[in-house]
Amino acid sequence: MMRALPWICLAALAAAPLVGLGNYPLHMLIQVLLWGFVYTGWSIMGRLGLVSFGHGAFLGIGAYVVVMLWNAYGVSPWIGLPIALALTAVVAFVIGYPCFRFKIVGHYFALVTLALSEIARMLIVALRDHTGGSLGVTPKTALTESAYSLVALQFSSKLVWFYIVLAVWLGGLWVWKKMDRSMARLALEAISQEEDAAGSIGINVTRLKLGVTLISALMTCVGGALYAQYQAYVNPDSVAGIGISLQMVFGVIAGGMYVRLGPTVGAAFTLLLAESLRLMFGNSLHALDSTIYGLMLVLFIIFMPKGILGGALEAVKGKKAASPDVQRA
Amino acid sequence: MMQIFDVFLLEAVLNGLLLGGLLALLSLGLNLVFGVIDVVWICYAELIMVGMYAIYYLYAVFGWPLLLAMAAGVLLVAAAGAALHQFVIRPVLAAEPINQLLVTGGVLFFLQAAATLAFGIEFKNIGVSFPPIVVGDISFSMPRLISFGVALAGMLALYLFLKRSYLGTAIRAISQDRGIMPLMGVNPHRIFIITSALGGGLAGLAACLLVLQYDIHPAIGLSFGPITFLICVLGGLGNMAGGFVAAFIFAQFISVGGFFLAVEWGYVIAFVFFIAVMFWRPQGIWGSK
């Protein structure tokens, strides 16, 4: 029964839009899964002590490379995405290799990657003749004649987007699971605790860190590309820079970065919080959600550093584990 | 033609020098806090924003004299710094270092959003204008010159305080060895609170200078924050002399880079330079391993 439970939940999720979920809840669901995927990508390295503020750059590359290639040269996103992924890999390597080789960790790693995401944002703004600058850019529509265009990766139906995003999200969870069961994760965990000691027992620290960074960056890039195609609009602040990078980190912390569904729970929590506050108070107090959100983040990190899901699971486990302990005592 | 070009370039270099003084002051408070408490205040630039709003409201809305409003602003931000340590940093001091970084990031979000909520997104300006100073073909903006002077004076004052006073000696001692000072009869918590207040006060001083030059809006922290962190890291986190040098290097990149290309390119070049230096000397240009 317990083994079947995830599959039942998944089937229910996949069937949900078919039984007449409205357009708005469907939109929310797509957003949750899409950001859940991006947050999952971030956590793959974040939970191993590699806290990056540079993922805004990868998100930006995914979004802008694909849209710019389509708009300027008519290159299909199917070709644009591999190009964006290649560029992401190069950038991740150029930043990652020296960082790991020279043991830039902790605060320093976070701040170096912060510079990276700011560079991405500034570049997008500086290249305003091509990218539209701060005003953002919209992929040229291919939907003049039909309701969908596979070549342009544009679909007017939210249902199609839902299944695409669902598949990608499941792919992200699969990557996480693969990582979790690999020797590499054990090695990386050892690295995150005591880098020199891990190196001394023959773990190739640089290579492993670089590997996990590449996986994480590529996932984020895919997320950025999908976001741009789904929203059909991006601007530098929504996909690059310090703001979105911090938002990613905090979504993950809220959900819990040490459990597989944690990042997704974080995405759901932050989106639902923002939306419900917006519905409650209207747009007149449009920063109220962020205010409460910021306050909750601080409280989370102080009182519940494992996040909502991580904390909840621990509480359940704690109850189960408590009884034998009591007997032993 | 060449002659004119050189004059403008000289102006860019001199303006970069003036900007460097301001950036050096910005990095000073962050470096002080990091050096003593070992915590990076990601929300440092947002504290400056709080100070700028305070000065704006006291001066432009409530009609206080400008200098009085500025003094009140400095005190307010100093109090905010102490409160930040007491209520936010202290509970996570024993947690993993990265949690300390993130918790102040939460404060960043909170302050930015709260400012939007309270003051709106409109740009505000205190409406004090100074005539530019013209020397030959080169013109300087008066607020920049004032900033440069005040920034240098502020740094000198801090230096003397740390070197000459008993409290300053205790602060320097605790930054060298956090473990042993309690045994010497120094209360580390008290020193931390004082240091945080000092760091906040420096942020307040920066706010006084920025408010003369820039419009105030809730996201203004994002335009100064990243560059301040990078300067601190470039100079070696916690190393005030290094931060001082790094600020002037960075300012030249921004000013001269912005002169040849667009302003954003100046920043891009400065940030790329930063990353390159990190690989060359991860401990910062000035630091020793």
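**Close-up views of pockets, a cavity and selected residues**

**Figure 1. The largest pocket and its lining.** Helix α13(A) gives the largest share of the lining of the largest pocket, namely 8 residues. The model shown in this and the following views is a predicted one. About 1700 Å³ of space lies in this largest pocket, and of the 47 residues that line the largest pocket, those closest to its centre are A:Asp237, A:Gln247, A:Ser290, B:Phe109 and B:Gln112. Sorted by class, the lining of the largest pocket consists of 26 nonpolar, 15 polar and 6 charged residues.

**Figure 2. The second largest pocket.** The volume of the second largest pocket is about 1400 Å³, and among the 29 residues that line it, A:Leu5, A:Pro6, A:Leu173, A:Arg260 and A:Leu261 are the closest to its centre. Two or more lining residues of the second largest pocket come from each of the elements α1 (5-15), α2 (23-46), α7 (158-180) and α15 (307-328) of chain A, and the largest share, 7 residues, is that of α15(A). The lining of the second largest pocket has 20 nonpolar, 2 polar and 7 charged residues.

Figure 3. The structure holds 1 cavity of 30 Å³ or more, and about 70 Å³ of space lies in the largest cavity. The residues that line the largest cavity are A:Met45, A:Ser52, A:Phe58, A:Ala92, A:Ile95, A:Gly96, A:Phe109, A:Thr113, A:Leu116 and A:Thr213. Helices α4 and α5 (106-126) of chain A each contribute at least two residues to the lining of the largest cavity. By class, the lining of the largest cavity divides into 6 nonpolar residues, 4 polar residues and no charged ones.

Figure 4. The residues A:Trp78, A:Ile79, A:Ile83 and A:Leu150 make a nonpolar surface patch of about 440 Å². One of these patch residues, A:Ile83, is found in helix α4 of chain A, which spans residues 77-101. A:Ile83 counts as partly exposed because its relative accessibility is 40%, a value that falls between the limits of 20% for buried and 50% for exposed.

**Figure 5. Two residues with a positive phi.** Most residues other than glycine have a negative phi. A:Ala232, although not a glycine, has a positive phi of about 60 degrees, and A:Ala232 is found in the loop between α10 (205-231) and α11 (236-239) of chain A. With a relative accessibility of 31%, A:Ala232 counts as partly exposed. In chain B, B:Asp38 likewise is not a glycine and has a positive phi, of about 70 degrees; B:Asp38 lies in the loop between α1 (2-37) and α2 (44-61) of chain B. B:Asp38 is partly exposed, because its relative accessible area is 34%.

Figure 6. A:Ala274 is partly exposed, because its relative accessible area is 23%. Between A:Ala274 and A:Tyr293 there are 8.0 Å in space, taken from C-alpha to C-alpha, while the two are 19 residues apart in sequence.

How values were computed
Residues numbered from 1 in each chain as written. Chains lettered and ligands numbered in written order. Predicted model: local features only at pLDDT ≥ 70, side-chain atom pairs only at ≥ 80, totals over all residues. Heavy atoms only, no water. Patch = residues over 30% accessible without salt bridge, like charges linked within 9 Å, V, L, I, M, F, W, Y side chains within 5 Å. Areas by Shrake-Rupley, 256 points an atom, 1.4 Å probe, with all protein chains shown as cover. Salt bridge = Lys/Arg side-chain N within 4 Å of Asp/Glu carboxyl O. Helix = DSSP H or I, 4+ residues; strand = E, 2+ residues; numbered from the N terminus. Buried < 20%, exposed > 50% of the residue type's maximum accessible area, 1.4 Å probe, protein only. 1 Å grid on protein atoms, 1.4 Å probe; cavity = no way out; pocket = protein on both sides within 12 Å on 5 of 7 lines; lining within 4 Å. Points joined across faces, edges and corners; volume = space filled by probe spheres on them. Nonpolar A, V, L, I, M, F, W, Y, C, P; charged D, E, K, R; others polar.
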